[in-house]
Amino acid sequence: MPTWNSRGLRGSTLEELVNRTNEKYRDQGLALIQKIPTPITPVKMDKEHRQITLAYFDQRSTVDYIGAVQGIPVCFDAKECVTDTFPLHNIHAHQMEFMKAFEAQGGVAFFLLSYTGRNEMYYMRFVQMERFWKRAEEGGRKSFRYEELDPEFFMHSRTGVLVPYLEMLQKDLDLREET
């Protein structure tokens with residue numbers, strides 16, 4: 001049997017964990033977050049099984065998730081990384097532009113990173129990603145290292161909440177109030 005090997009399935013483990021977490025948060029009345037599907041145009045269909053067998057992307061997607069947490073608009077992207085070095089080419093300029101504009105409108109943008117080799121998850125504030133992004137644009141590293149991350153924003157799964165990003169969102173909001 002042939003092996004399915006698709007770059008499009010990268011991150012699907014993290015996204016499944018985030019989807020389950022979002023369901024839990026919704027059920028508890030804490031947040032309403034939606035996964036944003038990537039718009040595609042089907043080219044070939046298997047009518048018998050009602051499946052798309054070939055398609056192309058209509059446009060670049062912006063972020064993976066968008067919604068509201070207790071009245072606060074949020075958007076975020078979920079990324080997986082096998083090694084301790086996260087290449088910035090996994091983030092696209094149009095995503096950074098969207099998130100910057102989202103924050104300018106009073107929303108909160110962030111990234112959820114899964115370091116699969118370490119079995120650790122990290123909440124990256126947009127302002128932190130923006131610093132790494134600018135460093136790369138100015139000729140610096142085109143990646144960031146695990147050691148550069150703020151230890152306060154590592155998340156630890158607990159019963160019922162697989163990706164407890166609301167706790168980190170609260171830390172993010174607290175830091176915003178301080179500055």
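I took a nonpolar core to be a set of buried Ala, Val, Leu, Ile, Met, Phe, Trp, Tyr and Cys residues joined through side-chain atoms within 4.5 Å. Buried means under 20% relative accessible area, exposed over 50% and partly exposed in between, with a 1.4 Å probe and protein chains only. This is a predicted model, in which local features need pLDDT of at least 70 and side-chain atom pairs count only at pLDDT 80 or more, while totals for chains, interfaces and linings use all residues. Residues are numbered from 1 along each chain as its sequence is written, and side-chain values use heavy atoms, with hydrogens and water left out.

Entry 1, the core. Which residues touch the most other members of the largest nonpolar core? I found Tyr123, Phe144 and Tyr165, out of 48 residues. Strand β7 (residues 108–115) gives the most to this core, with seven residues. Strands (E, at least two residues) and helices (H or I, at least four) are DSSP runs, numbered from the N terminus. I then listed contacts, meaning heavy atoms within 4.5 Å. Beyond four places in sequence, Phe144 has contacts that include Phe86, Leu113, Met124 and Leu149.

I located Trp133 in helix α3 (residues 126–137). Trp133 counts as buried because its relative accessibility is 16%. Setting aside residues up to four places away, Trp133 touches Leu88, Ile91, His92, Ala93 and Met96. Ile91 is 42 residues from Trp133 in sequence, and their C-alpha atoms are 9.0 Å apart.

I required a side-chain nitrogen of Lys or Arg within 4 Å of a carboxyl oxygen of Asp or Glu. That rule gives a count of 13 salt bridges. Glu16 and Arg20 form one, at 3.3 Å from N to O. Both lie in helix α1 (residues 12–27), four residues apart, about one turn of the helix. Another joins Lys100 and Glu130, at 2.8 Å from N to O. This pair links distant parts of the chain, 30 residues apart, with Lys100 in helix α2 (residues 93–104) and Glu130 in helix α3. Lys100 is partly exposed at 45%, whereas Glu130 is buried at 15%. I also noted Arg145 with Glu147, at 4.0 Å from N to O. Salt bridges that share partners join Glu103, Arg125, Asp172 and Arg176 into one network.

Is Asp172 buried or exposed? Asp172 is buried, since its relative accessible area is 0%. Asp172 lies in helix α4 (residues 165–178). Leaving out residues up to four places away, I listed Val108, Tyr123, Arg125 and Phe153 as its contacts.
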